[in-house]
There are 2 protein chains.
Amino acid sequence: MMYCVGVDIGGMSIKAAVVDNKGNVLKKDKVVTDVEGGEDKIISDIGELVLSLVDPNDRNFVGIGIGCPGAINSAAGTVDQAYNLNWTDVPLAEKLSRIINRPIKISNDANVAALGETMFGVGRMYSDTIFITLGTGVGGGVIINNKLYEGNESKGGELGHMVIQVDGEQCSCGRKGCMEAYCSATALIRDTRRAMEKNPDSLMWKFSPTLDEVNGKTAFECRKKGDKAATEVVDKYVKYLGEGMLNFANIFRPQAIIIGGGVSAQKDYLIDMLKDYCKERLYGFAGMPRFDVLTAQLGNDAGMVGAAALIFSEVNASRK
Amino acid sequence: MMYCVGVDIGGMSIKAAVVDNKGNVLKKDKVVTDVEGGEDKIISDIGELVLSLVDPNDRNFVGIGIGCPGAINSAAGTVDQAYNLNWTDVPLAEKLSRIINRPIKISNDANVAALGETMFGVGRMYSDTIFITLGTGVGGGVIINNKLYEGNESKGGELGHMVIQVDGEQCSCGRKGCMEAYCSATALIRDTRRAMEKNPDSLMWKFSPTLDEVNGKTAFECRKKGDKAATEVVDKYVKYLGEGMLNFANIFRPQAIIIGGGVSAQKDYLIDMLKDYCKERLYGFAGMPRFDVLTAQLGNDAGMVGAAALIFSEVNASRK
């Protein structure tokens with residue numbers, strides 16, 4: 001049985017799992033990310049972690065897939081820039097292959113999650129999907145015909161940095177009005193706080209007694225109880241997220257849009273509102289293909305399973 | 001020498017050209033589009049037009065490419081909906097192949113222009129481009145790795161229907177704030193008229209003495225002469241177009257964005273402003289790939305040459 005190792009490099013920890021070709025996690029482990037140790041130390045730690053999980057000479061071990069934050073060049077196997085690792089121009093694949101001589105593929109963490117969810121997660125019935133992760137920022141990934149689409153020099157797919165409101169809220173990228181500035185958990189929390197300041201009687205003050213305690217659930221949970229200010233916050237959130245999703249739908253016409261990240265913990269409560277919002281607004285005549293809206297399901301393993309999917313998607317492609 | 005016929009179906013006329021594999025137009029002709037005659041009459045007219053240009057038994061004649069307005073299913077060879085032809089679910093490729101038994105490929109007219117400009121026009125140095133046509137509406141096409149990307153069921157690539165201003169100007173598609181509602185010639189004319197109504201002293205009243213005479217040049221030509229109101233109209237136009245282009249850049253990271261359609265007649269005057277606007281606003285670190293901005297150059301032949309490119313791009317792909 002064919003298997004590979006999926007590695008999920010984060011600023012805090014490096015996680016690795018042995019994943020079979022159906023996306024099952026057979027074994028996993030992790031180590032602390034030694035950012036201060038520098039690139040060679042981290043790469044050596046990755047090598048040790050992988051070797052603790054597999055026998056590098058087993059013929060069924062077909063490769064190592066790696067998901068990494070930042071700007072990656074997949075074709076070159078390099079990490080061009082990863083701020084939270086303090087990496088610039090790191091030839092990750094080449095250096096790791098000196099430790100373990102197996103096929104190594106790397107990609108951006110959001111891309112990897114997109115591929116994992118489509119090959120092995122909630123999107124496995126579909127060949128064309130968009131993955132949107134709603135966390136501190138808004139990340140995204142595009143799957144076209146079962147393959148990850150990363151854009152030229154693998155620098156595309158920055159779905160969160162699509163402006164949907166010219167001159168709107170300031171985004172971390174320098175522009176104003178990006179989807180990230182409306183649809184990240186950070187933006188949701190900002191809008192929740194603003195609404196609370198304007199509405200001292202809102203139920204949200206019971207759920208989160210101080211502004212510091214506001215989180216991505218505050219507005220959602222209070223909307224469920226009928227709070228008016230919370231309802232306005234959530235409805236605005238759904239509207240902006242829906243508009244972004246409709247944009248991707250008109251550009252890519254995916255079969256499904258998969259929602260991940262912290263805010264997706266709302267599951268069907270959020271998904272149903274998004275479906276309602278998008279239903280009548282898609283461009284085109286009545287016969288145009290519709291898209292499904294799904295909650296990501298791989299959870300904490302998404303990074304590792306998705307990284308493994310990088311290898312399996314190559315293996316599958318070369319067999320066609 | 002290999003050649004094919006590119007057909008450009010419009011609501012007014014059907015144009016066809018014999019195009020060689022370098023994109024040269026060797027011969028061309030056209031007929032009036034007999035919309036009232038119905039689909040079979042139009043298809044029969046296309047057949048006659050093609051046969052008047054080529055010998056169907058010549059082995060160098062490798063196929064017929066067709067660009068058609070509306071919603072096309074390229075894989076199926078069908079026109080699912082084309083309002084200005086009054087067509088619904090027309091099996092165009094199949095019916096035409098009964099008249100001329102050669103490979104037939106069809107696609108949407110904006111897609112075809114995108115492919116033509118990238119294979120044979122101003123974008124021929126690039127493999128990854130975005131084409132944006134600024135006319136009555138805003139059309140678009142996406143070329144990924146030298147191939148047309150049409151989206152799932154070939155219903156994607158509707159670049160003009162990306163909302164860049166939530167709750168903004170009404171768009172014909174039903175949503176508000178689409179790029180088309182700010183960047184089409186129609187939108188430019190609307191904004192020019194509004195500015196003239198507010199500024200009775202503007203030079204624009206000299207260029208276009210009545211609001212009915214306003215066209216896509218009014219604001220541009222008066223900006224060139226320093227008119228303040230015209231400058232505001234054009235600067236706003238450039239800003240919205242620039243924001244849309246930056247969105248596509250962050251999603252696809254093309255090597256070049258090609259501007260076509262009526263407004264592109266401004267050439268470098270517009271292109272230079274767009275380059276300036278986009279220069280500092282692209283997402284990512286300093287090493288991220290930049291994109292060039294170019295004016296489409298195939299002009300009136302774009303539809304036919306681009307349609308021919310549909311065939312040549314298939315031929316090239318199958319040779320790889």
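## Terms and model

The structure described here is a predicted model.

## The cavity

A search of the whole structure finds one cavity of 30 Å³ or more. About 30 Å³ of space lies within the largest cavity.

From chain A, the lining of this cavity includes A:Y149, while chain B residues in the lining include B:D128, B:T129, B:F252, B:R253 and B:P254. Two strands of chain B, β9 (129–134) and β10 (138–144), each supply at least two lining residues. The most comes from β10(B), which gives three residues. By class, the lining has seven nonpolar residues, one polar and two charged.

## The contact between chains A and B

Chain A brings 41 residues to the contact, and chain B brings 41 residues. The size of an interface is often given as the accessible area lost when the parts come together. Between chain A and chain B the buried area is about 3,800 Å², and carbon and sulfur atoms give 57% of that area.

Four salt bridges join chain A and chain B. One of them pairs B:E243 with A:R175, whose closest N and O atoms are 2.6 Å apart.

## The chain A side

On the side of chain A that touches chain B, the elements giving two or more residues are β6 (78–82) and α8 (228–252) of chain A. The largest share, nine residues, comes from α8(A). This side of chain A has 20 nonpolar, 10 polar and 11 charged residues.

Conventions
Residues numbered from 1 in each chain as written. Chains lettered and ligands numbered in written order. Predicted model: local features only at pLDDT ≥ 70, side-chain atom pairs only at ≥ 80, totals over all residues. Heavy atoms only, no water. 1 Å grid on protein atoms, 1.4 Å probe; cavity = no way out; pocket = protein on both sides within 12 Å on 5 of 7 lines; lining within 4 Å. Points joined across faces, edges and corners; volume = space filled by probe spheres on them. Helix = DSSP H or I, 4+ residues; strand = E, 2+ residues; numbered from the N terminus. Nonpolar A, V, L, I, M, F, W, Y, C, P; charged D, E, K, R; others polar. Contact = heavy atoms within 4.5 Å. Buried area = accessible area lost by both parts, 1.4 Å probe. Salt bridge = Lys/Arg side-chain N within 4 Å of Asp/Glu carboxyl O.
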